[in-house]
Amino acid sequence: MVPVPVAWPGQSLLRLRPGVSAVHDGAGRLWLVRGAQREHVGGTGDNTLTVLRRLAAAACTQEQLLAEQDHTEQGTGHMLGGDLLGRLWRGGWLSVTLEHSARPLLTLESRGPWPAPQHLVPTGLGGHEGTPPLRLSRFAVLHRDADRLIVESPLSPVVVTVCDPMVLPVIFALAAPAGTEPAHAMPDHVSSAVVHTLAACGLATAAEQDQPRACWEPHDLWFHQRSRQAAGLSRNGTEAGATPPPAVPPASHPGFGTPRLALARPDLTALQRTEAAFTTVAEARRSQRQFDDSHPLTAAEAGEFLYRCARVRWSGQDGGIEVTSRPYPSAGALHELEVYLVAVRVAGLTDGMYHYRPDSHELESVPAPGQAAARLAQAAALAIGATAVPQALLVVSARFDRVMWKYPGFGYSLVLKDVGALLQTMSLVATAMGLAGCALGGGDSAVFASATGIDPLAEASVGEFVLGSAPGRGEALRKVTAP
């Protein structure tokens with residue numbers, strides 16, 4: 001049967017989705033392939049290939065498909081009756097265009113099985129007494145994709161293309177206050193069928209306040225769903241990383257062309273002999289939001305901290321792309337993250353904003369407007385509930401084009417994973433050094449863009465960490481220096 005679980009008052013035209021190819025291997029098996037997606041669908045000796053060729057050539061109804069097959073050949077009727085079309089639909093290989101009066105209204109493409117059944121009402125937008133009307137899902141999005149107008153939701157594997165502007169008033173009525181009727185020339189039974197189709201696709205629903213859905217914001221659910229796609233597949237099903245851009249940016253930040261300050265390098269061999277064991281450090285880790293401002297963080301400590309957290313240990317080439325190794329992991333060893341130090345009260349450093357050069361272990365001053373750097377520090381103070389700005393704020397930014405070309409569709413989620421790895425490294429290093437540190441839950445990317453003058457679509461702040469001397473530092477220093 002045609003995989004549309006509603007009664008449609010017109011023709012349903014079937015066709016293989018664009019970009020789908022049928023290939024066979026040396027063992028006589030037939031495969032469908034689209035980008036990195038592939039599925040075994042039969043053998044080359046049966047009529048599956050004939051059916052696929054017909055679906056690839058032009059759109060047709062199921063009746064036409066059956067009529068054109070030679071039913072005297074064993075297997076054809078069995079394969080269609082054996083849910084070949086259903087398999088193609090569930091596998092995401094098939095598109096279904098719903099027509100009325102020879103006008104295409106909707107095209108449905110599946111990325112998997114139909115969503116869980118929705119509550120459908122008998123007619124139009126309203127329901128029986130006591131039955132809530134269908135409404136557009138609050139997770140549904142209407143947007144342009146190339147030259148198509150798309151309706152989709154992270155709760156549904158079905159992507160719907162709007163083929164006719166007559167459908168738009170129906171969608172508007174689903175989003176308008178309850179009881180609003182669409183202002184269009186479409187017959188009621190057709191608009192009702194459109195509504196039921198959207199409901200069957202999970203794009204319209206009668207109830208969406210149950211606890212699992214109610215706790216999600218639409219943008220969070222979209223991000224979660226898109227970033228959890230199969231690795232190696234982009235949103236459109238193309239293979240990730242197959243075609244890198246003409247010039248992938250180098251691992252090294254272009255910099256600001258300002259004077260640089262060399263930082264102290266710690267003796268890691270000595271630290272390995274004298275510092276507390278990893279388990280001790282991990283168990284002692286706490287977020288600390290209070291600092292000893294009478295004995296603030298020093299430039300030497302800031303240098304050791306950055307060296308142990310973010311320096312380049314080595315660099316090399318991978319397929320012509322520059323990669324590096326640093327103390328924290330990164331997707332594809334691309335290391336798109338940059339670290340900026342906003343010094344507010346750091347002994348040996350002039351107050352201001354600096355960019356850390358992980359390859360040379362230097363700081364370069366950022367010609368930031370004073371107000372912008374101050375606003376970053378003030379926002380950090382508010383985030384930790386402090387009455388005074390922290391001694392130092394580390395702003396982590398991402399150069400997105402270093403990573404997104406290789407991982408289309410889920411590159412940003414990898415950036416955030418890298419941020420988490422770096423913030424954990426910072427937390428552990430701060431603990432090991434006896435410093436107070438705390439990762440922040442948010443920041444202001446607009447202020448960062450103002451401070452650096454960098455296009456926020458090219459590089460933007462994605463994480464923050466406050467750092468300073470731990471409370472009681474002065475007392476500890478007095479004990480160390482006492483005669």
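**Reading salt bridges and a pocket**

Colleague: Is Arg 308 buried or exposed in this model?

Modeller: Arg 308 is buried, with a relative accessible area of 13%. Buried here means under 20%. Keep in mind that this is a predicted model.

Colleague: Which side chain meets Arg 308 in a salt bridge?

Modeller: A salt bridge needs a Lys or Arg side-chain nitrogen within 4 Å of an Asp or Glu carboxyl oxygen. Here Glu 275 is the partner of Arg 308, at 2.5 Å from N to O. Glu 275 sits in the loop between H9 and H10, and Arg 308 in helix H11 (residues 299-310), so the bridge ties together parts 33 residues apart in sequence. Glu 275 counts as partly exposed, at 25% relative accessibility.

Colleague: Which residues do shared partners join into one network?

Modeller: Arg 17, Glu 109 and Arg 148 are joined in that way by salt bridges.

Colleague: How many salt bridges does the count come to?

Modeller: The count is 12. One of them pairs Arg 103 with Asp 164, whose closest N and O atoms are 2.6 Å apart. This pair links distant parts of the chain, 61 residues apart. Arg 103 is in strand E6 (residues 103-110), and Asp 164 in the loop between strand E10 (158-162) and helix H5 (168-175).

Colleague: Where do Arg 226 and Glu 152 lie?

Modeller: Start with the contact: their side chains form a salt bridge, 2.9 Å from N to O. Arg 226 belongs to helix H8 (residues 218-227) and Glu 152 to strand E9 (residues 148-152), so parts 74 residues apart in sequence are tied together. Arg 226 is buried at 19%. Glu 152 also counts as buried, at 9%.

Colleague: Now pockets. What volume does the second largest pocket have?

Modeller: The idea first. Rolling a probe the size of a water molecule over the atoms shows where empty space is left. In this case the second largest pocket has a volume of about 490 Å³. It is lined by 16 residues, and the closest to its centre are Leu 268, Gln 272, Glu 275, Arg 308 and Val 429. Two of those, Glu 275 and Arg 308, are the salt-bridge pair above.

Colleague: Which elements give two or more residues to the lining?

Modeller: Helix H9 (268-274), helix H10 (278-284) and helix H13 (411-433) do. H13 gives the largest share, 4 residues.

Colleague: How do the lining residues divide?

Modeller: Into 10 nonpolar, 2 polar and 4 charged.

Methods: Residues numbered from 1 in each chain as written. Predicted model: local features only at pLDDT ≥ 70, side-chain atom pairs only at ≥ 80, totals over all residues. Heavy atoms only, no water. 1 Å grid on protein atoms, 1.4 Å probe; cavity = no way out; pocket = protein on both sides within 12 Å on 5 of 7 lines; lining within 4 Å. Points joined across faces, edges and corners; volume = space filled by probe spheres on them. Nonpolar A, V, L, I, M, F, W, Y, C, P; charged D, E, K, R; others polar. Buried < 20%, exposed > 50% of the residue type's maximum accessible area, 1.4 Å probe, protein only.
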